[in-house]
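Reader: Walk me through this one, please, one question at a time.

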Amino acid sequence: MSVTAEKQAGATAIRPFHVDIPEEALTDLRRRIAATQWPERETVPDQSQGVPLAAMQELARHWATDYDWRACEARLNALPQFTTEIDGLEIHFIHVRSEHENALPIVVNHGWPGSVIEQLKIIDRLAAPTAHGGSAADAFHVVVPSMPGYGFSGKPTSTGWGPEHMARAWTELMQRLGYTRYVAQGGDWGAFVVDQMGLQAPEGLLAVHTNMPATVPADVNAAALAGQPPPTGLSAEEQRAYEQLIRTFGQVEYARYMAARPQTLYGIADSPVGLAAWLLDHNDADGQPAAAVVAALDRHTSTAGELTRDEVLDNITLYWLTNTGVSASRLYWEYRGGFFDAKGVTIPVAVTVFPGEQYEAPRSWTERAYPNLIHYSRVDRGGHFAAWEQPQLFAEELRAAFRSVR
């Protein structure tokens, strides 16, 4: 083999990955939490000034004294994890092959402030459906990559790693794994990625599923962004969606800041408590998307799959240990497109509308935005982090969504 061929083979190699955080890093984390310089208490009785001092102090106390990262590490290491280099960047991913014949490959995308930890509870439900009340005919081979700049993936050292580039990278990843036909799923930033995959329409991509669909008509989107009255002629369902958009666009200061000045967020790289507060605060005043996460801070155990305090800390701790608070934020700076406006995807698309999402996409808008709509479902529970907080329902939706393309 020539030197060039060896280099090419090395660049495309798939290598096993094992999480092994040094104990010194965990000791330093606890030390930094204990040394937090706290501000004074907020001057209002509600959350209008941000995450309340008492809530953060209680979370910090538990994080520093009782929380066990090693339990999360063991859950990750119980799954097959790998890395591979794509376009010069090391990409980390979980890859669980189903034991069921004719399983359908699926690449599942997380978002911000998430990670592969958001998807851990759906992996076995997808790969081994018969163990969770499903049929072997609905099985998936599951691939869950960490976005560039997130988790154990590499951090881009130059610009250009937006959703469009990630879409191309996941196509390369699925091809590298030997999958000639597959589907894709995404929520939050992952929804942007699967929309881009749909626009690029690579050979082998059968369909995409999104739980944060981009369906808003151009005139409605323009009015909502400007805070103007809605266009005339909206149905009751469309009017409600418009009001939800107005609410959402009025509470995304965190997103605007990351889109404008991500490098200035040095505090979330230096203070664990600063990082936790930043990841918890979406300014939604008990609405979604953060309501389920904030509610979980008071839930210590769960038998029905709801989020717990330690699961929230698993995700925050992953950000801390990988020092990805700032690198993950740069995704907002990279993206220059619209958020919920229709993108023009024409390949088969499946949509699940969760009641706690940023807005509940009406079927009328969804059918126009995705003319090749193969599945539309409105469910009665779950929100922005649906795979994390409603894993069984989420897995059932994915099984139903892709039956027609198997």
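Predicted model: local features only at pLDDT ≥ 70, side-chain atom pairs only at ≥ 80, totals over all residues.

Reader: How far apart are the end C-alpha atoms of residues 14-118?

Author: An unreviewed UniProt entry annotates that stretch as "domain: Epoxide hydrolase N-terminal". It's 32% helix and 22% strand, and its end C-alpha atoms are separated by 23 Å.

Reader: Which strands sit at the edges of the sheet?

Author: The sheet is open, with mixed pairing and nine strands in the order β1-β2-β3-β5-β4-β6-β7-β8-β9. Pairing takes at least two DSSP bridges between strands. Two strands pair on one side only, making the edges β1 (14-16) and β9 (373-378).

Reader: Which residue in β9 does T352 stand opposite?

Author: β8 (residues 349-353) runs parallel to β9, with five bridges between them. Across from T352 you'll find S377.

Reader: Are α3 and α14 roughly parallel or roughly perpendicular?

Author: Helix α3 (residues 53-65) packs on α14 (residues 309-322) with axes 11 Å apart and an angle of about 80°. Axes are lines fitted to C-alpha atoms, for helices over the stretch in contact (heavy atoms within 4.5 Å), and angles run from 0 to 180 degrees between N-to-C directions. Since 65 to 115 degrees counts as roughly perpendicular, α3 and α14 are therefore roughly perpendicular.

Conventions:
Residues numbered from 1 in each chain as written. Heavy atoms only, no water. Helix = DSSP H or I, 4+ residues; strand = E, 2+ residues; numbered from the N terminus. UniProt positions renumbered as here; feature names shortened; annotations may be inferred. Parallel < 35°, antiparallel > 145°, perpendicular 65-115°, else oblique.
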